[in-house]
Amino acid sequence: MRVAVCAKQIPDPANPARLDPVTRTLDRTERLILDEADSYGVEVALRLVEAAGGGEITVVSMAPRGETGGLRSALAMGATGAMLVSDDHLAGSDALGTAKVLAASIRSISVDLVLTATESTDGYTGTVPAALAELLDLPSITFAKRIELEDGGTSIRAWRQTEAGDDEVRCALPALVSVTAGVVEPRYPSYRAIVAAKNKPITQMSLAELGISPDAVGAEGARQVVTDVVAVEARQGGEVIVDSGDAHERIAVFLEQLKVI
Amino acid sequence: MTLLGRVWVVAESARGGPGSATLELVSGARDLGKVVELFTWGDEAALAAAVDVLGGYGVTRIYSVGDIGPALPGPLVAAGMAGLIGAGDSPDVVLVGASCDGRDVAGRLSAKLDRPTITNVVGLKLAEHPGLVAEHTILGGTQTARSRFTGPGPGIFVIRDKTFEARPVAASGVAASGVAVEVVPVEVVPVEVARLGRTGAAQVVARHVEAQKGPKLDEATVVVSGGRGLGSPERYALVEELAALLHGAPGATRAIVDAGWVPYSHQVGQTGKTVRPTLYIACGISGATQHLVGMKGARHVIAINTDRDAPIFGVAELGVVGDCGVVLPRLIESLRTRG
């Protein structure tokens with residue numbers, strides 16, 4: 001079974017995020033790590049390939065400055081190899097531009113399944129999976145919290161999150177699935193796996209090789225600008241008390257004052 | 001500032017009539033464009049309900065791809081819209097709600113039309129230059145970025161719940177622009193979608209709906225929410241009990257949803273529901289910005305947490321530094337005694 005897993009390499013969310021003062025978009029100049037949301041995609045891919053009796057998992061990523069740190073994490077988990085598209089013209093790409101690059105990369109290999117997160121931790125637009133599926137002419141099941149292979153590995157059954165529960169959805173492969181966080185517990189790679197990952201192949205592709213014109217991607221291709229950024233009015237905190245046995249009474253009084261009880 | 005010509009609002013039609021998200025979007029659309037039209041999917045009964053209600057909200061035409069059966073809406077609805085737009089029947093802007101299906105439709109339409117999207121919109125207004133300016137929050141909800149499209153339209157905006165207020169035309173009779181809005185009979189235009197081929201392969205084979213007691217989370221006036229600080233999944237029962245006592249809805253942070261303590265339908269936050277209750281009680285919730293983004297519109301906030309430095313205390317009107325496992329049972333007992 002051949003799976004492509006889309007992975008984004010992002011600034012560590014534990015560090016305070018910064019904006020580029022000129023473009024007012026997220027500053028991505030520091031070291032990048034694998035978006036935790038995509039570790040779920042990698043883990044799902046590993047389990048499906050195991051269930052199918054073997055196969056290949058290619059991690060596909062678009063990142064600045066030839067960054068591969070996040071990809072090595074995915075390779076350490078067990079992915080077979082990675083594809084990276086890195087080009088200065090990609091700076092400022094929007095969701096659609098990103099989808100175009102990922103689609104072109106995935107078209108260069110043959111896959112049964114494309115996996116993504118539902119959204120990235122830093123951009124969280126949530127539209128890349130569906131745009132990517134459309135560009136690849138694939139059906140998609142998004143917001144999947146569980147996936148199983150069926151019909152000898154030629155189709156999948158997924159449980160898709162809804163507002164009030166979930167829908168069981170079936171689809172013949174090839175298809176694209178976006179997975180929700182928490183769908184599985186991502187495996188923690190062993191030291192040996194981390195070392196082995198250093199030798200796994202990462203293929204770099206240029207925009208020219210992918211047949212993508214620079215003006216279709218990057219800030220120019222995004223066809224949108226951030227005109228200004230303003231601080232959000234912060235809520236004020238109020239009274240804070242320490243419970244010494246009767247804080248619940250203070251809450252009850254508060255509820256009475258609000259006429260909630 | 002000039003109103004746009006035509007605004008398309010994309011939303012599902014349900015048997016019970018248009019949902020609150022749909023009403024919010026069409027109401028907001030009236031302040032952005034002279035003509036507001038709905039692009040929808042649903043069966044005959046749902047369409048009839050939409051026609052019944054939406055005329056009173058200023059919608060003059062409803063395009064429908066009809067009953068989609070077991071198919072997922074994304075590919076069909078995007079194909080229907082792209083077909084019309086390609087044939088010259090195009091709006092100036094497309095508004096889609098930020099639901100799972102909404103994101104699918106927006107993503108596919110974006111790819112089909114080669115038009116960009118601006119998502120997580122929490123504000124949308126007419127701009128001085130022709131066009132719209134959108135607001136979305138960034139940097140963990142601490143900053144608002146204003147952005148606009150720079151290329152040819154139609155642009156696609158994916159809009160979060162409760163960005164606009166649902167307002168029937170009869171209530172005001174006049175849009176914010178000062179133009180009188182008259183209620184006219186709604187025209188229904190069926191949209192044929194040619195066979196989809198591969199992109200339409202996904203089919204729903206079963207729908208599981210959780211039994212729901214009490215008010216819906218995004219409509220409740222009281223929300224009692226739990227987070228990791230509760231300590232254990234069993235403690236969530238206290239959250240549910242307090243919510244029920246206050247005739248409210250139970251909510252949850254992404255952390256405990258991901259941990260499997262409660263279903264996603266309970267999730268409040270950036271990637272969950274946005275709630276604007278009169279009262280939000282945060283139990284064992286640290287107040288990560290991912291969560292605050294979903295509930296900071298609450299009128300009053302009470303927080304209970306063992307950590308004095310938890311960010312939630314910065315937004316709570318009343319904060320209690322204490323153990324939910326101790327405070328909640330006592331509060332519940334006290335409320336029961338009060339009757």
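Predicted model: local features only at pLDDT ≥ 70, side-chain atom pairs only at ≥ 80, totals over all residues.

Next I asked how many residues of α3(A) are buried. I found 12 of the 13, so the rest of the structure largely encloses this helix. The buried set includes Lys100(A), along with Gly97(A), Thr98(A) and Ser105(A).

Then I looked at how α3(A) sits against helix α4 (residues 128-135) of chain A. Their axes come within 9 Å and cross at roughly 45°, so I noted the pair as oblique to each other. The crossing of α3(A) and α4(A) is right-handed.

Which residues meet there? From α3(A) I listed Ala95(A), Leu96(A), Ala99(A), Lys100(A), Leu102(A), Ala103(A), Ile106(A) and Arg107(A); from α4(A), Val128(A), Ala131(A), Leu132(A) and Leu135(A). By class, this contact of α3(A) with α4(A) has 10 nonpolar, two charged and no polar residues. A handy reminder for reading such a list: an α-helix has 3.6 residues a turn, so residues three or four places apart point the same way.

Last stop was Arg18(A), in the loop between β2 (9-11) and β3 (32-34) of chain A. I have Arg18(A) down as partly exposed, with a relative accessible area of 44%. Leaving aside neighbours within four places in sequence, I found Arg18(A) in contact with Thr25(A), Leu26(A), Asp27(A), Thr29(A) and Glu30(A), and with Leu139(B). Thr29(A) lies 11 residues from Arg18(A) along the chain, and their C-alpha atoms are separated by 9.7 Å.

Notes
Residues numbered from 1 in each chain as written. Chains lettered and ligands numbered in written order. Heavy atoms only, no water. Buried < 20%, exposed > 50% of the residue type's maximum accessible area, 1.4 Å probe, protein only. Helix = DSSP H or I, 4+ residues; strand = E, 2+ residues; numbered from the N terminus. Axes fitted to C-alpha atoms, helices over the stretch in contact; angles between N-to-C directions. Parallel < 35°, antiparallel > 145°, perpendicular 65-115°, else oblique. Left-handed = near helix turned anticlockwise from the far one by under 90°. Contact = heavy atoms within 4.5 Å. Nonpolar A, V, L, I, M, F, W, Y, C, P; charged D, E, K, R; others polar.
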